Amino acid sequence: MTGHILIVGIDTPTAIRLISLLETLGYTNILPPQLDTENISAFSNVDCIFAGISQASDVQQVFSTLHKSNLHKPVIFIAKEYNRQLITAAVESCACDIISEDSISEALLLKTMITVEKQSSKIDQSSKAQVSVDYKSVFMQSPHPMWIYDVETMAFLLVNNAAIEKYGYTEDEFLSMTIKDIRPDDEVVRLINERGTRRGDAFSDYGFWLHQRKGGGQFYVNIHSQATNFQGRKASIVVAMDVDEKVKADQVNTQLNKLVAQQKERIDHILSSVKEMIWSCDAQTFRMLYVNEACRDIYGCSPQEMIDDKELYFDLIHPDDKKEFNRITEQIFATGSYVHEYRICHRDGSVKHVRGEAFLKKGSGGEPDIISGLTIDITDLIKIESALHEKVSERDNILNSITDGFFILDDAWRFKYVNKAFERICNVRRADILGQNYWEKFPKSVSLKWFSEYHRAMRDQVAVHFEEFASSLGRWVSVSAYPKADSLTVYFTDVTEEHKLLEKLAYNERNLQALINTTQDVIWSVDKNLCIISANDGYKQSIYALSGRTVGAGDSVLIKEFAPEYVEKWKAYYQKALSGKAYKVVELIHYKNEDRYAEISFNPIRNTEEVIGVSCFSRDITEERKLQDQLAANERSLRALIDNTNDFVWSIDQDMKIVTINKTFKDSLTAVTGKHYGVGSPIIMEDFGPELKGVWSKHYSRALQGEKFMVVEELNFDGMQGVIETSLNPIVDDTGAIVGVSCYGRDITEQRRMQEEIQLNEHNMRGLINSTKDLIWSVDATWHIVSANDAFTTWMKKINGITICEGDYALPSTFGEKIINKFLSYYNRAFKGESFRVTERLKPNKFDIEFIETRYHPIYNDKGVVIGVSCSTRDITETRRYQERIEAKNQKLRDIASIQSHEVRGQVASILGLGQLFNYKNPADPINASVLEGFMEATQNLDRIIRRIVNKTRIMDEM
């Protein structure tokens, strides 16, 4: 072909794959893909056109555009999927061929292009407007096997070249056979049984059939048939599309589905507790293959919603970030991975900042196969960073640590890079291992999965993912390794907790029924006859409260006490779920004299592939609805603030003319110059004078050459004073060419003033620290003093006889080995992220301090890595002594209480008993003398006990 090939109306991944296969076949004159089919008329030097279609009207539109432009070129349609209308429209329009996206291959394209070249050579260039279609030529040269057979006798009447090549019979052999002769015996029986079900003259898709070649080899085809008349006979024309690989792959997939489902369930359990969203998608269609539960928190939608709707992931990207995100996504096909930060629109209306990491896995043929990624919610981190910019004087440490490790090995297994988390987890220093051989530094790894999997990744250039128990660390780790030609990047995560969760899974299953009945939510299930299978107490109580009826297993779920229209509505809900649809509804229910909102989930219950019932879950979302209304009001207020920013926003093209400009910047220019500027106006204003013009011409030139930078200038122009910070960023198109500059300016006059105020506050803070008697100091990762107040240096001088200043080693040898080891243990605990306090008793000293309390807190950098430890010590001697005095008094009180409860009670009991023995009616009774003696003895004993209590009370008062 001497002309060009035009690709129009085909999505980017399919277009990339198509171009790659055409180039493999030697076709290099391929025009850039066009999105709009109306653009076909602009190309007159093309030899053929590949056009994307999804419905029959697309076929008519393409040929209508060609006829209007007098452009007669062979057309190959690329369809999302085959259906009767598309194939009929293509055949009637005399398209050269129609190919399914899923069946595009090098062999199929070669046949199609040979057909195109033959068809192109037959077109009379002098009368292109009157081209007539050679229908027999189209039939004979179609890349798909086609034949015409007698409906009554089933004998072959005509076969094309592709059928002869595919089945191995000669044309004469075919014409002596019937359509039963190309089928195995079982398929012949099926053919005879189904002949009566055919639909007259309609074009029909008869599904998949097993055919056999002349030598006995069998393969699957998709049969499409159209009734016709041929040589006076009632006949049918058949197209047999080869789907052998697809059917056999489906059969294998069916066998593997159970195993895959089991593995998926295990992975889901492990990944359900991971806060980061882990996902994978098809690299050709971008349809999600897997999403973990974290997407509910990050995006506000379920994993199944992401999988069912392939556009949902992209639809939730913030409109202002979509263009850049699409550019980065397309870039993965060239680079193999990307890391990108962008914004998303959560289902609840909020805007979140996320960081996405993605990696491309290629198939065995080198074509893009799977894209796997990790999406992390960094909204809180962005807010913290913003707060730090606005209020630098706040010195609270961000309690956020990164626990995942990363490292990179070169092709000789030498360390090229390790991060801080790797140093901490593996207890090594970066300086000691960079440039060293991995297997020499970690020899135990040779006998574990690390060795075989890392070598497989580098050998086969495939990403590997596995879990292994690191005995040296005492942890389970999940490892992902991504190879390049000369390096291996490894990411590993501590999944010990996930393994512990799996161990608890069996226990949790046993308690599931108990949990169902303890929840306040309503849970029930129904069978295909709409009778209750099971229901928790919440469901039974709700039905009783609403209808006064008691229900249980086997009862109809359609409560007759409810209004007929209400019963019909719920019947429709259940029938929808029984058809296989999982969904949710929100119902307004008048319950216990108030209106409540309930969210009800309906999920089909399947036995293999058959739906046998519906499980239902209802929860009260009244408060959530109120909160959503409040959030919506807040969102409207926030949107108004964003749309009315006081910052300057504008962009220019290569000619330094304004492309976009916001109201704030436009009003400022008008106020300064008295002129109105808009789109198309020069950005270099004559009114600004030669000096300002020269400076900004250089700024724009730097950005147009590809440099991204920021300038800060003091503005003093016609009464306008202040400090302006402006960022300039090159604008790059899809080809990588710089087409303009985007600019963002903001007034930082107040920020400058605050920075000066912060410096003053820093001095004041130092004064406050030095005014306290508490000892305050901090150390870095090498155990050197970062800061220390006067009380600390004075204490160290008087107690230890040494002077320690900022920058000195915090553990000098004069401390002695025992003290050094003690402080090392404290610092190491804090460096592991622990905040704690230690109380110690001191030897007699010059300060008359007996007890001290020291607090240790980790210091984090802006990435959440511990970089130091802050410490403070205070004198708690008086507090401890007061506590000891209180404890001594409490002991005395306990002693007094013991005497009162035991000894006093005993004597009182004796006196009461003797009183009952005294004979009041006969005072001369001899027993009265003995009773009186007992009275005297008990009274004397009671007197001694009371004296002891008084003595203990006096001692307690003197304490």
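This is a predicted model: local features need pLDDT of at least 70, side-chain atom pairs count only at pLDDT 80 or more; totals for chains, interfaces and linings use all residues.
Colleague: Let's start inside. Which residues have the most contacts in the largest nonpolar core?
Modeller: They are Ile49, Val75, Phe77 and Ile98. That core has 33 residues.

Colleague: Take Ile98. What is Ile98 in contact with, leaving aside its neighbours within four places in sequence?
Modeller: Ile53, Phe77, Ala79, Tyr82, Leu86, Ile87, Ala90 and His144.

Colleague: Next, β5. How many of its residues are buried?
Modeller: 5 of the 5 residues in β5, residues 146-150, are buried. So the strand is largely enclosed by the rest of the structure.

Colleague: Which way do the β5 residues point?
Modeller: Met146, Ile148 and Asp150 point one way. Trp147 and Tyr149 point the other way. In a regular strand, side chains alternate between the two faces of the sheet.

Colleague: Which strands does β5 pair with?
Modeller: One is β9, residues 233-242, antiparallel over 5 bridges. Asp150 has Ala235 in β9 as its bridge partner. Another is β6, residues 156-159, antiparallel over 3 bridges. There, Tyr149 stands opposite Phe156.

Colleague: What about the turn between β5 and β6?
Modeller: β5 and β6 form a hairpin with 5 residues between them. Met154 in that turn has a positive phi of about 65°.

Colleague: New topic. How do β22 and β23 run, parallel or antiparallel?
Modeller: Antiparallel, with 9 bridges joining β22 (residues 583-591) to β23 (residues 594-607). Val585 stands opposite Ile600 in β23. The hairpin has 2 residues between the strands, and Lys592 takes a positive phi near 55°.

Colleague: And how many bridges pair β23 with β24?
Modeller: 10 bridges, in the antiparallel sense; β24 covers residues 610-620. Arg606 stands opposite Val611 in β24. This hairpin also has 2 residues between its strands, and Thr608 takes a positive phi near 60°.

Colleague: Back up to α22. Which of its residues are buried?
Modeller: Gly538, Tyr539, Ser542, Ile543 and Ser547, in a helix spanning residues 537-547. They cover an arc of only 135° around the axis, which puts them on the same side of α22.

Colleague: What covers those buried residues?
Modeller: The cover includes β20 (522-527), β21 (532-535) and β22. That is the β22 that pairs with β23.

Colleague: What comes just after α22?
Modeller: Gly548, which takes a positive phi of about 75°.

Colleague: Last area. What is the strand order in the open sheet with β30?
Modeller: The order is β31-β30-β34-β33-β32, 5 strands with antiparallel pairing. The edge strands are β31 (785-788) and β32 (836-841), each pairing on one side only. The twist averages 20° from one strand to the next.

Colleague: How many bridges join β30 to β31?
Modeller: 3 bridges, with β30 covering residues 775-780. Val779 has Ile785 in β31 as its bridge partner.

Colleague: Where does α28 lie?
Modeller: Helix α28, residues 790-800, lies across β30 and β31. It runs at about 90° to β30.

Colleague: And which strands does α29 touch?
Modeller: Helix α29, residues 817-831, packs on the sheet and touches β30, β32, β33 (851-860) and β34 (866-875). Its direction makes about 125° with that of β34.

Terms used: Residues are numbered from 1 along each chain as its sequence is written. Side-chain values use heavy atoms; hydrogens and water are left out. A nonpolar core is a set of buried Ala, Val, Leu, Ile, Met, Phe, Trp, Tyr and Cys residues joined through side-chain atoms within 4.5 Å. Buried means under 20% relative accessible area, exposed over 50%, partly exposed in between (1.4 Å probe, protein chains only). Contact means heavy atoms within 4.5 Å. Helices (H or I, at least four residues) and strands (E, at least two) are DSSP runs, numbered from the N terminus. Two strands pair if DSSP finds at least two bridges between them. Axes are lines fitted to C-alpha atoms, for helices over the stretch in contact, and angles run from 0 to 180 degrees between N-to-C directions. The arc is that of the directions from the helix axis to the C-beta atoms.
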